[in-house]
Amino acid sequence: MIKVGVIRGGISDRSEASLNNGAQVISCLRGDSMCNKYKVVDIFVDREGLWHINGIPVSMDQIVKKVDLIINTLQGDYGEDGKVQQLLEQWNIPYTGSGPFVSAVSYNKFLTKQEFEKLGIKTPRHILYPAYHEDFDEPIDRYSQNKAREVWERLPPPWVVKPLTGGSSMGVHVCKTFQSLVEAFEDGVNQKVSILVEEFIKGKEASVEVINNFRNKNVYTLPPIEIKIPKSKMFFDNELKCDNCDYGICPCHFSHEEKEELERLASLIHTGMNLSHYSKSDFIITPKREIYALEVNTLPEYTEQSLMPKALESVGSSVPEFIDHIIKLTLNKK
């Protein structure tokens, strides 16, 4: 039997979500369709970065002996930023997903936007502000006022203020007034993060998943998912993503031309950024049918409330089939 390690938990604020994400993968691997092919090795990474199997701390040389490959279900820092990928490569352990460098680029929202621009893909105008440094920057209140004023002079409101790295829309603010912009900068200072400010693009939100070597296609694009945002919200924020309501619509209500362009752009991002196995790109379609790329995610979420299972189901596939597929890609080094 093939020994499949599933890494979950992790050091980030998304560790609880990662536990649930990994649990879904483990459940699939232990299901009737795969239990005779794969032996699950449940690997827990705690908030200090220590690795455990069955509650017992283990070293990397022990991990090497216990697994044939790794499915990475970590989220946030260490899991999505290329660090765990680099560690696995150092120990020559095959793993699902993209490599260290492209994972790090995709996790950094500013670098991702630079890649979009190189590929000729529209993305919202933006300004990067390095993390606040107490020894070199002004007092926090003056710093926040001055940075907000700079944004006010360069970009029209409203604005989206977000941490440079991280996922699931955590720490994101949509600001309509100068004072709310100041408060967003103050929050960024308190969180000790670099800040990306971008123009708010009004329109319909969409996500598109891409899979390598699936159904006889080198790059297979799943149908776009339309994100239905409640009127009480301005965007698909972390609160919506974490509740149990269903906001993803698939099949979507986009026009045929919009769907084709979304799929083309998601495929272009995946290949142009040299991503591996799978990815998910997020877009905004404006009322004038312009499409802006927002971000790309190199690690899918497998839970029932996430978007990928819905897209797979729409084409007659499933999460177990997807997991089986990426295991084969990993073992065949494709």
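Predicted model: local features only at pLDDT ≥ 70, side-chain atom pairs only at ≥ 80, totals over all residues.
Q: What lets two side chains pair up?
A: Side chains of opposite charge can pair when their charged atoms come close. Here is one case. Arg8 and Asp42 form a salt bridge, with N and O 2.8 Å apart. Arg8 is in strand S1 and Asp42 is in strand S2, so the pair ties together parts 34 residues apart in sequence.

Q: How many salt bridges does the structure hold?
A: There are 17. One of them joins Asp324 to Lys37, at 2.9 Å between the closest N and O atoms. Asp324 sits in helix H11 and Lys37 in the loop between helix H1 and S2, so this bridge ties together parts 287 residues apart in sequence.

Q: Which residues are linked in a network of salt bridges?
A: Lys113, Lys162, Glu198 and Glu295.

Q: How do I read burial? Is Asp324 buried or exposed?
A: Look at the relative accessible area; under 20% means buried. Asp324 has 12%, so it counts as buried.

Q: Where is Pro124 found?
A: Pro124 is in the loop between helix H5 and strand S6. Its relative accessibility is 1%, so Pro124 counts as buried.

Q: How do I see what packs around a residue?
A: Look past its sequence neighbours. Leaving aside those within four places, Pro124 is in contact with several residues, including Lys113, Glu198 and Tyr292. Pro124 and Ile201 are 77 residues apart in sequence, and their C-alpha atoms are 7.0 Å apart in space.

Definitions and conventions:
Residues numbered from 1 in each chain as written. Heavy atoms only, no water. Helix = DSSP H or I, 4+ residues; strand = E, 2+ residues; numbered from the N terminus. Buried < 20%, exposed > 50% of the residue type's maximum accessible area, 1.4 Å probe, protein only. Contact = heavy atoms within 4.5 Å. Salt bridge = Lys/Arg side-chain N within 4 Å of Asp/Glu carboxyl O.
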